[in-house]
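Take a moment to look over the model shown here. Let us walk through it together, one part after another.

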Amino acid sequence: MSAQPLTGLVGVVALLALLLAGMPIGFALGLVGLAGLALTLGLEPALIKSGVLVFETLTRYELGTLPLFMLMAHLCFVAKASRDFFDLASRLFGHRRGGLAIASVAGCAGFGSINGSSLATTATMGLVAVPEMRERGYADTMATGSVAAGGTLGQMIPPSGALIVFGIIAEQSIGVLFTAAIVPGLTQMLSYFLVIALWVVLRPEAAPQLARSSWSERRAALRRVIDIGLLVMTVTGGIVLGWVTPSEAAALGAAGALVICVLRGRMNGQALRGALEDTLRTSGLIYLVVIGALIFAAFISVTGLTDAIGATIGGFGFGPVGTMLLVAVFLLLIGSVLDGLALMLLTTPILLPLVADLGLSAIWFGVFLVRAMEIGFVHPPMGLNLYVIQGVAPEVSLGRIFKGVLPFLAADLLHLVLLVVFPVIVLGLPQWLGR
Amino acid sequence: MNLSLLRTMLVWISGGALLIAMVVDTLAMFGRALQFPLIGSIEIIQAVVLIAASGGLIITTLDHAHARVRLVLDRLPSRWRRRFETLYAVAAALLFAALLAGSLWITADLWSGYEESEILRIPYRPLRLAVVLALIVLLVLALRRPGTRESR
């Protein structure tokens, strides 16, 4: 069979069907890619290409960043850092109306800076913050919605697992991607603060005012995060300022987290084994997905599907902004039935050449894609963060949780449009730093 | 082999490899800053990350923990779900078999080439064999009683 765009399109549809039918993402990507390569190029080149990709991926220095950042996150779990971030934020903001919800979002951002996963951030902060807010009389909609939305910051605030995977697939600098994600991550957090502030103005009963913490309590809470905070600042600052490569930063982060665990008296053989096992399990998942995605991307590039899509969309004459808004709608639609990783791996090989044709930056596209992915975490029917929160607070219905997340979802959509209209939000910091 | 023994070995061997990567990269960073560059650190990391990643792939497969979209699957009757799980185990076996075939092909082709890394001259043969071994284990795990256990 000759390589034609139609072959690629059939492959994309087959992949979508397999993903929706629940086939593990890595298997679906790899099998469709292999079958497509075998049909278009022949079985021998398909097998050889896959053999080459497996070895290249497993020995890829940049991809080593991912397990090391995961190890850092799992060691921070061992050090019980998540509770400390929330405690500090609640001591600082808790006395204001809606302060605990703001503390939850800030805690998610803090925890997101050591952990690159939305689900892990939501689950961890959910366990800490949701019961506390509900106990203090917060509306269950605000308690659950703020954490479900705040959890998505885990994916955007560096280090981000999604950005590392995007960097590998799209062959972009992970350090620049991390730098570019900082301002979008911070503006996203601020937009959530704004939502909470507006919410308590309109519905003051949703968040009662609490007693102000004393300065000694605040200082004690600050002392508990100072070690992890310094580690995070060193790791992220080192990458942003170009002092260390992302891989070195990840290694330093993991080593620092290990030292913190020891200093806090929380490290023993069982804890280390647990952290290593969790890290390896998550890494294995990502490695298979990346291998599958690279095989699938090789197939898509052979078929010329991306050129055909680029020509078709270019023919509409919408210009870069119009086209990317159209792409955003497409991503949100697909993201309502696919999870974030699947969405990224399915669409990156197809959309990245289109983005290049439009004269847009691949770095900008990576951040934009991750932002669109995050929205999929909080809107049904996928909305994985909503299910995670329901697992934490089973007595709150899914409908109530969704009602709580709706104002944040509106802020998310507005934020996504702002990223399209003002790419400087993403590209400004890397350009300013000369990255 | 007892699966819990396999898991324990994998955790300590692959986890140990990951800890080596952590130490080497950290030392390399400090070494560079102190004008004592650790020559060839990237090559060491590439080799140990291969061990860590291969172990990770096996642990993930052992735990049926591969990422998937559960939207439709969770709503199916259990009989249908079991059928799909069997199908996916066959799909996994097919993929691992294809990757194994490709890796064996490349390994055989390059065997007499005595590939090695540029600076430390780390031989690639053992690394390629490690990948082949990992893929064999993955294939065996995928073929082992497909569909009898629900994926996580």
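This is a predicted model: local features need pLDDT of at least 70, side-chain atom pairs count only at pLDDT 80 or more; totals for chains, interfaces and linings use all residues.

Residues are numbered from 1 along each chain as its sequence is written, chains are lettered from A and ligands numbered from 1 in the order in which they are written, and side-chain values use heavy atoms, leaving out hydrogens and water.

Start where the chains meet. Here 58 residues of chain B are in contact with 57 residues of chain A, where contact means heavy atoms within 4.5 Å. Together the two chains bury about 5100 Å², 78% of it on carbon and sulfur atoms; buried area is the accessible area (1.4 Å probe) that two parts lose on being put together, summed over both. In chain B, the residues that lose the most area to chain A are B:Leu18, B:Met22 and B:Val69, together 13% of what that side buries.

Charges meet here too. Side chains of opposite charge can pair when their charged atoms come close. Between chain B and chain A there are 3 salt bridges, each a side-chain nitrogen of Lys or Arg within 4 Å of a carboxyl oxygen of Asp or Glu. One salt bridge joins the side chains of B:Arg32 and A:Glu248, at 2.5 Å from N to O.

Now turn to the largest pocket, which has a volume of about 1300 Å³. On a 1 Å grid over the protein atoms alone, a pocket is an open set of points where a 1.4 Å probe fits, with protein on both sides within 12 Å along at least five of seven lines; lining residues have an atom within 4 Å of a point. Grid points are joined across faces, edges and corners, and the volume is the space filled by probe spheres set on the points. Of the 46 lining residues, the closest to the centre are A:Ser117, A:Leu119, A:Thr282, A:Leu285 and A:Asp339.

Most residues other than glycine have a negative phi, and most peptide bonds are trans. A cis peptide bond, however, joins A:Pro158 and A:Pro159, with omega about 0°. In chain B, B:Gln35 is not a glycine, yet its phi is positive, at about 65°.

Finally, how many salt bridges are there over all chains? The count comes to 21. Among them, A:Arg264 pairs with A:Asp84, their closest N and O atoms being 3.0 Å apart. A:Arg264 lies in the loop between α13 (246-263) and α14 of chain A and A:Asp84 in helix α5 (residues 81-93) of chain A, so this pair ties together parts that are 180 residues apart in sequence. Helices here are DSSP runs (H or I, at least four residues), numbered from the N terminus.

Key. Helices (H or I, at least four residues) and strands (E, at least two) are DSSP runs, numbered from the N terminus.
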